[in-house]
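Visitor: Please take one residue in this chain and look at it closely. Then show me the chain around it.

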Amino acid sequence: MKTDIFPLSIWKTQYDIFKTDYIRDVLFPKLESEFSATKNNNNPTMVNGTLCTYNQYDQIHKLKEATELCNFAEKEAAKYWKELKYSSLLEPKLIQMWANRQPKGGSVRSHLHGTMPITAVLYVNAKKGCG
C-alpha cells in the first residue's frame with residue numbers, strides 16, 4: 001500500500017508477527033556483541049541510549065538467520081520500486097542491514113541515507129502507532 005507524506009512516498013507492509021518473534025528471539029541475541037561494541041562507536045544520530053550497529057556491523061543480511069527477512073524485504077522493495085516507476089532495467093538489492101536498539105526515552109535524530117533510492121525499517125517491539 002502506497003501512502004504519501006509530504007513529498008515522500010512510503011511503502012507500508014507488515015511482516016508476519018511470528019516471524020518477528022523469531023527475529024527478536026533468535027537473530028537479536030546474535031547481535032549482542034555488536035551492540036556492546038557499538039557503545040564505543042555509536043552513530044551520532046542516536047539519542048538517549050539508543051544504539052545503532054551501523055558503524056560496527058552493517059552486514060546483518062549475510063547472517064543465515066536473516067535470510068527469510070531479507071527475502072521478504074527484497075520482495076516488498078521490488079513492489080515499491082515498480083510503484084515508483086523506477087527503471088525496469090534495474091532492481092532493488094539489499095546491500096546493508098543493521099539494527100537499532102532503542103530504550104524507553106531513546107530516539108533517533110532526523111537523518112538521510114545518502115544516495116540510497118530506497119531504505120526500509122522493521123519495528124520489532126514497537127507499540128501500535130509508533131514509527
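Guide: The chain has three helices and six strands. Helices (H or I, at least four residues) and strands (E, at least two) are DSSP runs, numbered from the N terminus. This is a predicted model: local features need pLDDT of at least 70, side-chain atom pairs count only at pLDDT 80 or more, and totals for chains, interfaces and linings use all residues. Residues are numbered from 1 along each chain as its sequence is written, and side-chain values use heavy atoms, leaving out hydrogens and water.

From the N terminus on, the order is β-β-α-α-β-β-α-β-β. Asn43 sits in the loop between helix H2 (32-38) and strand E3 (46-47).

Is Asn43 buried or exposed? Asn43 is buried, because its relative accessible area is 15%. Buried means under 20% relative accessible area, exposed over 50%, partly exposed in between (1.4 Å probe, protein chains only).

Now its partners. The side chain of Asn43 makes a polar contact with the side chain of Thr45, at 2.8 Å. A polar contact is a pair of N or O atoms within 3.5 Å; within protein, one must be able to donate a hydrogen and the other to accept it, and residues adjacent in sequence count only if both atoms are side-chain atoms. Leaving out residues up to four places away in sequence, Asn43 touches Cys52, Tyr54 and Asn55. Contact means heavy atoms within 4.5 Å.

Step back to the chain. Of its 131 residues, 25% count as buried. The C-alpha atoms fill a box of roughly 40 × 35 × 30 Å, taken along the principal axes.
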